[in-house]
Amino acid sequence: MIRVLRSGERGRFDHGWLDTRHTFSFGDYYDPERMGFRSLRVLNEDRVQPGQGFPTHSHRDMEIVTWVLEGSLEHRDSLGTGSVIRPGDTQRMSAGTGVTHSEFNHSPIELLHFLQIWILPERRGLPPGYEQKSFSEEDRRGRLCLIGSHDGRKGSVTIRQDVDLHAARLSPRDRVTLPLARGRAAWVQIARGQLALDGEELEAGDGAAVEDKSALELAARAESELLVFDLA
């Protein structure tokens, strides 16, 4: 079964400095039918104007993953981490028992476009932590590249939940397949381009929940970028 959420059906707020779209309930956007999908709780697509961003704020008991599509994001947190995240970098911050951080557009002239993802942790009260790794375009070109996993295998960041997170860059007519074990589900998020998911046409900003299938079949119709969550 495939359930599609079209880009225009997401919650949207334009604050001037921030243009944001919410796949699931978040902040001032609330829909009791969209409180997440399995352990995937938040999936926001944010565009931040140059030099602007989110001042220091706190989180707890959440696995927060950031994937930059364009521009660069400057991160600072109470763990002492200071970093800049660019396209191809995967950042994982475990909020655990509590962490504060800030996120700003690192550039004074370029737009920042990124996806922020919250995943419910396997249990509450874990110690906070931070990890960042890079994956080249070659790593992701024409294939599903593992960028996050519960065990950190294949050089992926470690997510404290039973989830495999894949990223891909596909050219027109590229096809990729992801097997799904019994009882598992997937969320497919199209960041750019156009592709078919088991014959269902998806465009930039669209997402799809997939359940009761043994595999995903993805075929690019145009130059595309996507994330795929394999969830328990």
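# Strands, salt bridges and rings

At 16% relative accessibility, Arg169 counts as buried. Buried here means under 20% relative accessible area, exposed means over 50%, and partly exposed lies in between, with a 1.4 Å probe and protein chains only. The model is predicted: local features need pLDDT of at least 70, side-chain atom pairs count only at pLDDT 80 or more, and totals for chains, interfaces and linings use all residues. Residues are numbered from 1 along each chain as its sequence is written, and side-chain values use heavy atoms, with hydrogens and water left out.

Start with the partner of Arg169. Glu137 forms a salt bridge with Arg169, and the closest N and O atoms are 4.0 Å apart. Glu137 lies in helix α1 (residues 137-140) and Arg169 in strand β15, so the pair ties together parts that are 32 residues apart in sequence. Helices (H or I, at least four residues) and strands (E, at least two) are DSSP runs, numbered from the N terminus. A salt bridge requires a side-chain nitrogen of Lys or Arg within 4 Å of a carboxyl oxygen of Asp or Glu. Glu137 is partly exposed, with a relative accessible area of 38%.

Seven strands form an open, mixed sheet in the order β1-β20-β17-β22-β15-β13-β14. Two strands pair if DSSP finds at least two bridges between them. Strand β15 (residues 163-170) and strand β22 (residues 224-231) run antiparallel and are joined by eight bridges. Ala168 has Leu226 as its bridge partner in β22.

Strand β17 belongs to this sheet too. In the loop between β17 (185-192) and β18 (194-197) sits Gly193. Gly193 is partly exposed, at 26% relative accessible area. Beyond four places away in sequence, Gly193 touches Leu202, Glu203, Ala204, Glu223 and Ser224. Contact means heavy atoms within 4.5 Å.

Now take Val176, in strand β16 (residues 175-179). Val176 is buried, at 7% relative accessibility. Its contacts beyond four places in sequence include Leu144, Leu170 and Leu216. From Val176 to Ala219 the C-alpha separation is 6.6 Å, and the two are 43 residues apart along the chain.

A further sheet has an antiparallel pattern. Seven strands form this open sheet, in the order β2-β3-β4-β11-β6-β9-β12. β2 and β12 (129-134) stand at the edges with a single partner strand each, so one side of each has no neighbour in the sheet. From one strand to the next the twist averages 15°. Axes for such angles are lines fitted to C-alpha atoms, for helices over the stretch in contact, and angles run from 0 to 180 degrees between N-to-C directions. Strand β9 (residues 89-94) runs antiparallel to β12, and six bridges join them. Met93 stands opposite Tyr130 in β12.

Back to charge. Side chains of opposite charge can pair when their charged atoms come close. The structure holds 28 salt bridges. One of them joins Arg12 to Asp19, with the closest N and O atoms 2.8 Å apart. Arg12 is partly exposed at 48%, whereas Asp19 is buried at 14%. Arg38 and Glu211 also meet in a salt bridge, at 3.3 Å from N to O. Arg38 lies in the loop between β3 and β4 and Glu211 in the loop between β20 (207-210) and β21 (215-220), so the pair ties together parts that are 173 residues apart in sequence. Arg38 is partly exposed at 37%, and Glu211 is buried at 19%. Glu70, Arg140, Arg192 and Glu225 are linked in a network of salt bridges.

The rings come last. A pair of aromatic rings is described by the distance of the centres and the angle of the planes. Rings of Phe, Tyr and Trp (its six-membered ring) pair if their centres lie within 6.5 Å; planes under 30 degrees apart count as stacked, over 60 as edge-to-face and the rest as tilted. By this rule there are four aromatic pairs. The Trp17 and Phe54 rings have centres 5.3 Å apart and planes at 75°, so this pair is edge-to-face. Trp17 lies in the loop between β2 (11-14) and β3 (18-22) and Phe54 in strand β5 (residues 53-59), so the pair ties together parts that are 37 residues apart in sequence. Trp17 is partly exposed at 27%, and Phe54 is partly exposed at 21%.

Phe26 and Trp118 have ring centres 5.3 Å apart and planes at 80°, so they too are edge-to-face. This pair links distant parts of the chain, 92 residues apart: Phe26 in the loop between β3 and β4 (40-48), Trp118 in strand β11 (residues 112-119). Phe26 is partly exposed at 26%, while Trp118 is buried at 14%. Phe24, Phe37 and Trp187 form one aromatic cluster.
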